[in-house]
Amino acid sequence: MPKHAVILTGHFPQQKRRASIPWLCHHLRREGWHVTMVTVGYSWLSKWLGDRRFEGLQQVPRTGVTRHDDGFVSVMGYAPVHPVSTGSRVIDRLLEPVHGLFARYWRPRVSRIVAAADLVVLESGAPVLLADVVRRAAPDAALVYKIADDVRVLGLPGFVARAELHHAPLFDRISVASPQLAARFGHLASVQIDPLGVPKALFDRALPDPYADRAGVEAVCAGTTLLDLEAVCRMADLRPGWRFHIIGRMRQHPREVPPNLILHGECPFEETAGRVRHADIGLAPYLDRPGIGYQSTHSNRILMYRYFGLPVIGPARLKPADLPSLCAYVPGDPDSLRAALHRAEKTLPAPEREAIPDWSDFADRIAATPAPAQPRRPAPGLRPAKGLGERAVT
């Protein structure tokens, strides 16, 4: 019998954007694991209002169980509500009890799915709210918390960050790529630095050059998470001879963009890879938020830039020690931005590629997580964070 892995994530099995979780699924399956991907973090409100996260899919996902082949099953459901912030701490606090419906919806479903699992991986974000459910239902399984992003930076409601800390002792492995994020859980021996990777087999192929009519410089932003669009527009204004490309869904479509800035929307991953491989400069224009420095080692777009040896233009909050190719600017400072563009231009042609691991290396590390020596269950007194239908523990 093959080993069984269950992955709780906000991603879908068939999406244009290839983040770490889809690659983890891919390599576990190649190693003979049976994989069940459970997509959580969506509600009927997502469907009714047209959640922008669906833009990377061919169609709005349907609920239920889908058997893709003998070794891969996906599950998707719309809960009554999903964790989302209103932007107001006061209102978020008032709405916390309502979010208990999220865990109530998923509790019986997830309990059945993970009962026979050997390995369960929870991605940061909404899945961590179900950690205690998983631990109770699968006390013998190896339980991994795969931190893709700092939930405090993403603008999620505060109870998600509190649940993360409450549930951290339940995990056998807390997997991070950034020492900056690891420090948040530094009191736990389960924290592991697991470098993220790239799909070398794809990247080393002869990807077609999409820039048939090349501009003087082709600069690409391969993702829109925490995108500072205003900064990219300023870059385009400062360098009219360059051409700028943004790949990914936009939270808000701007009314006007410079003529040398192209918004491609979500693209198939192989097309994105070709645009990065044949670009001259990689853009990482993150919003100027405290704590954003972890993206130097966690960002899939930056990993691509590093693998293909592109100079990277991004805010000074990124970590130059982790990203030697960074040409940093101070957001809101035109002179600083102008200097960063000049530094990037002076490095062309692009510097040498960095040695980035393959995604298979990351998958092997996660798969090697040992199961607990004794069955583990949530300790008495450990409760979900406030907002999950139970009182918060302080």
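**Figure 1. Arg-135 and its salt bridge with Asp-172.** In this predicted model, Arg-135 has a relative accessibility of 1% and therefore counts as buried. The side chain of Arg-135 meets that of Asp-172 in a salt bridge, with a distance of 3.3 Å from N to O. The two partners come from distant parts of the chain, 37 residues apart: Arg-135 belongs to helix H5, while Asp-172 sits in the loop between helix H6 (158-167) and strand E7 (173-176). Asp-172 is also buried, because its relative accessible area of 19% falls under the 20% limit. Side chains of opposite charge can pair when their charged atoms come close.

**Figure 2. The salt bridge between Glu-164 and Arg-184.** Glu-164 and Arg-184 form a salt bridge in which the closest N and O atoms are 2.9 Å apart. Glu-164 is part of helix H6, and Arg-184 is found in the loop between helix H7 (179-182) and strand E8 (191-193), so the pair ties together parts that are 20 residues apart in sequence. Both Glu-164 and Arg-184 are buried.

**Figure 3. The salt bridge between Asp-194 and Arg-365.** The side chains of Asp-194 and Arg-365 meet at 2.8 Å, N to O, in a salt bridge. Asp-194 lies in the loop between E8 and helix H8 (200-203), and Arg-365 lies in helix H14 (residues 359-367), so this pair ties together parts that are 171 residues apart in sequence. Asp-194 has 0% relative accessibility and so counts as buried. Arg-365, with a relative accessible area of 34%, is partly exposed.

Figure 4. Strand E5 (residues 119-123) is largely enclosed by the rest of the structure, because 5 of its 5 residues are buried. Leu-119, Val-121 and Glu-123 point one way from E5. Val-120 and Leu-122 point the other way, and all of these side chains, on either side of E5, are buried.

**Figure 5. The strand partners of E5.** Strand E1 (residues 4-9) runs parallel to E5 and is joined to it by 4 bridges. Within this pairing, Leu-119 of E5 has Ala-5 opposite. E5 also pairs with strand E6 (residues 142-146), again in the parallel sense, over 5 bridges. Here Leu-122 has Tyr-145 in E6 as its bridge partner. Together with helix H5 (residues 131-137), strands E5 and E6 make a right-handed β-α-β unit.

**Figure 6. A nonpolar patch on the surface.** The patch is formed by Val-90, Ile-91, Leu-94, Leu-95, Val-98 and Leu-101, which together have about 510 Å² of accessible area. Helix H3 (residues 89-95) gives the most to this patch, with 4 residues. Val-98, another member of the patch, lies in the loop between H3 and helix H4 (100-114). Val-98 counts as partly exposed, because its relative accessibility is 39%.

**Figure 7. His-99 in the loop between H3 and H4.** His-99 is placed in the loop that runs between H3 and H4. With a relative accessibility of 6%, His-99 counts as buried. The side chain of His-99 reaches the backbone oxygen of His-82 at 3.5 Å.

**Figure 8. Leu-156 and Val-84.** Leu-156 is located in the loop between E6 and H6. Its relative accessible area is 28%, so Leu-156 is partly exposed. Leu-156 and Val-84 are 72 residues apart in sequence, yet their C-alpha atoms are 5.9 Å apart in space.

**Figure 9. Parallel pairing of strands E12, E13 and E14.** Strand E12 (residues 281-283) and strand E13 (residues 312-315) run parallel and are joined by 2 bridges. Leu-283 stands opposite Ile-313 of E13. E13 pairs in the parallel sense with strand E14 (residues 326-329) as well, over 4 bridges. In this pairing, Pro-315 has Tyr-329 of E14 as its bridge partner.

Definitions and conventions. Residues numbered from 1 in each chain as written. Predicted model: local features only at pLDDT ≥ 70, side-chain atom pairs only at ≥ 80, totals over all residues. Heavy atoms only, no water. Buried < 20%, exposed > 50% of the residue type's maximum accessible area, 1.4 Å probe, protein only. Pairing = 2+ DSSP bridges. Right-handed = clockwise from strand over helix to strand, strands pointing away. Patch = residues over 30% accessible without salt bridge, like charges linked within 9 Å, V, L, I, M, F, W, Y side chains within 5 Å. Areas by Shrake-Rupley, 256 points an atom, 1.4 Å probe, with all protein chains shown as cover. Salt bridge = Lys/Arg side-chain N within 4 Å of Asp/Glu carboxyl O. Polar contact = N/O pair within 3.5 Å; in protein donor to acceptor, adjacent residues only side chain to side chain.
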